Amino acid sequence: MKKRKKKRISAGGIFFTIIIVFLSLILVGQGIYIMSEMKDSDRLYYADEDDYIRNVTYEDYYRVLSDAIDDCYPDTKHTETEKEIRALGYYYEAATLYKAYTTAGDQISAEKQHARMERYRTEAGSYADETTRIDELLELS
């Protein structure tokens, strides 16, 4: 029978093992951190009634439109005020497209957008006066 040589534990081997364990712990920690960040990014913020009112107050009609588009899931319930302000955002979109088509000389498309403008003006309800301000900003009147 051959005698086995006993392996000696060297300082370099211990140091190398410690480094590997340390780096493995960092890798696992970073993986957990990345997963938690990905989970947090799934939570989206949707505008509420106060946000819509604030945007109208500051005449930030593009933001109203943007919020209305971002928050258009079928299961979302909106208050009456939110519905009116969302219609104002869609009015802004239609008015912008109306101006673009009119400038480009495309009367058929401009008439379609004008019809949308009238529809959204009525849906804006108590905020229908804001449509006049949008017309002024876009120089439609």
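**Exercise 1.** Work out whether Lys 112 is buried or exposed.

*Solution.* Start with the cut-offs: buried means under 20% relative accessible area, exposed over 50%, and partly exposed in between (1.4 Å probe, protein chains only). Lys 112 has 57% relative accessibility, so it counts as exposed. Before going on, note that this is a predicted model, where local features need pLDDT of at least 70, side-chain atom pairs count only at pLDDT 80 or more, and totals for chains, interfaces and linings use all residues. Residues are numbered from 1 along each chain as its sequence is written, and side-chain values use heavy atoms, leaving out hydrogens and water.

**Exercise 2.** Find which helix holds Lys 112, and how far its C-alpha atom is from that of Leu 97.

*Solution.* Helices are DSSP runs of H or I with at least four residues, strands are E runs of at least two, and both are numbered from the N terminus. Lys 112 sits in helix H5, residues 107-123. Leu 97 is 15 residues away along the chain, and the two C-alpha atoms are 9.7 Å apart.

**Exercise 3.** Describe the overall build of the protein chain.

*Solution.* First, count elements: there are six helices and zero strands. Next, compare the radius of gyration (over C-alpha atoms) with the globule rule, 2.2 Å times the number of residues to the power 0.38. The protein chain comes out at 30 Å, well over the 14 Å the rule gives for 141 residues, so it is more spread out than a compact globule. Then look at the C-alpha trace, which spans about 105 × 35 × 25 Å along its principal axes. Last, burial: 26% of the 141 residues are buried.
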